[in-house]
Amino acid sequence: MKKRHFDAVPIVDELLTLDADWRSKKGEMESVAADMNKISKEIGLLFREGKQEEANAAKAKTGELKEKEAILKAEVDELEGKITQLMYQLPNLPNELVKAGKSEEDNEIIAEAGTRRVYDFEPLPHWELTEKFDLINFELGVKLTGAGFPVYKGKGAKLQRALIAYFLDEAEKAGYEEHIPPHVVNEASGFGTGQLPDKEGQMYHITEDDLYLIPTAEVPLTNIFRDVILPDENFSIKLTGYTPCFRREAGSYGKDVRGLNRLHQFDKVEIVRIEHPDNSAAALEEMMQHVKGLLEGLGLEYRILRLCGGDTGFAAAMTYDFEVYSTAQEKWLEVSSVSRFDTFQSTRLRLRFKNADKKTQLCHTLNGSALALPRIVAAILENYQTADGIEIPEVLHKYTGFDKIS
RNA sequence: GGAGAAAUGGCAGAGUGGUCGAAUGCACUGGUCUUGAAAACCAGCGUACCGAGAGGUACCGGGGGUUCGAAUCCCUCUUUCUCCGCCA
């Protein structure tokens, strides 16, 4: 927890106190309940035997017990509520590989690949390219909705669709089963994957129906397995799905949000895995290889970061970020985030399996973007630009039907 | 949106105030029998929590209520089905 710069000690101390209190109160309550049940049964017997007077005498005794039980129950409920509240405030325990650190400056770069594009002309940033070739209209999005909701047009739209198809096909080849989930979820789903209550303000909330627009397909895909007990320990569940993602992202500003760098609505193909705890590390590795494969397929220069404690999300035990280099903006853009959650989500989801001893045990969950579109589009436009147009990476040709934008 | 019906264990399906955590069938697990299998027969077979254990508590869609006692009665929400309306 220290790695996160999160002081868990006061919360844990309070939890321990509350828990001890809860145990004793609960024991007391249950013994009162047991007495009540016993008396009720006796009354039933007396009535059947026609002993009205004795039964009524027994009834008289219950009043006090009943009252006592009600008081104890209220106390137990209150303690349970407090305990749950506190537990929700505790982030996941970072994996041993995760280094301590405060912010993104402390993240470790663990791999770099690809070659830097050099230009014999002055490269344009993607927001100028999209305008020049009429691929994405940001102003139109403002008119229809607001900032951060661009309108993709013509070859821009086609490129978008091609990338989605490419990512989904690759995911399918890697054994992930495609799903098209709802784009709106209920509160229970938000809690299941840990967006609630931690990221309450990040999601669009439809108050009238108490539903949330999904910030990622992770939420509906993983919640498919909420309240599920897998029958045995021989499982490895791999899901994928394309969805739009909606994020309020309050408080961001400046050049970081220019163009496609940060949007309120964007497209993403997500991969999700439900794994046996012993297989969690291997699954994470496989997912990394998968994402690498996509980036190499697209011919983009990228690097992989292992996030430090402070930058790792609340729910994750370990996260690897993939960034592609934008030559025109001269900066790294995050295009994927692959995380293992260990039992953090499965605890909230009540997602378990029956182990060899027939005991229920919590599964591990993992997920990753494979990939998030807008910044990939930005990188492709910028890195594949020529003096008079934009080339399309080879792997996309069969999806776009064209190999050049001009 | 309007009218009606329903929600019980993995599934099917009894149960309308007390001995019901819940009949029965199927499925499943173990055993007998068999060279093996099937069939038949016998036994077992929900989940969570508290407790060292004995045991206890809670759960019959969710929440609340009536009662000494609720699967059963009342209120409410959700979901499903049927009919009507509307609709891509």
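1. A quick definition to start: a residue is called buried under 20% relative accessible area, exposed over 50%, and partly exposed in between. Keep in mind that this is a predicted model.

2. With that in hand, take Glu200. Its relative accessible area is 37%, so it counts as partly exposed. You'll find Glu200 in the loop between helix H6 (187-192) and strand E6 (205-206). Glu200 also belongs to a negative surface patch, together with Glu187, Glu208, Asp209 and Asp210.

3. Now the overall picture. Chain A has eleven helices and 18 strands, and 48% of its 406 residues count as buried. Along the principal axes, the C-alpha trace of chain A spans about 105 × 45 × 40 Å.

4. A few backbone details are worth a look. Most residues other than glycine have a negative phi, and most peptide bonds are trans. Against that background, the bond joining Ala370 and Leu371 is cis, with omega about 0°. Leu371 sits in strand E16 (residues 364-372).

5. His5 is not a glycine, yet its phi is positive, near 60°. Look for His5 in the segment before helix H1 (9-48). At a relative accessible area of 53%, His5 is exposed.

6. Asp227 also has a positive phi, about 60°, without being a glycine. Where does Asp227 lie? Asp227 is in the loop between helix H7 (218-223) and strand E8 (229-230). With a relative accessible area of 46%, Asp227 is partly exposed.

Conventions
Residues are numbered from 1 along each chain as its sequence is written. Chains are lettered from A and ligands numbered from 1 in the order in which they are written. This is a predicted model: local features need pLDDT of at least 70, side-chain atom pairs count only at pLDDT 80 or more; totals for chains, interfaces and linings use all residues. Side-chain values use heavy atoms; hydrogens and water are left out. Patches are made of residues with over 30% relative accessible area and no salt bridge: like charges are joined within 9 Å, nonpolar side chains (Val, Leu, Ile, Met, Phe, Trp, Tyr) within 5 Å. Accessible areas come from the Shrake-Rupley method with a 1.4 Å probe; for residues, only the protein chains shown count as cover. A salt bridge is a side-chain nitrogen of Lys or Arg within 4 Å of a carboxyl oxygen of Asp or Glu. Lys and Arg count as positive and Asp and Glu as negative; His and the chain ends are not counted. The place of a charge is taken as NZ of Lys, CZ of Arg, CG of Asp or CD of Glu. Helices (H or I, at least four residues) and strands (E, at least two) are DSSP runs, numbered from the N terminus. Buried means under 20% relative accessible area, exposed over 50%, partly exposed in between (1.4 Å probe, protein chains only).
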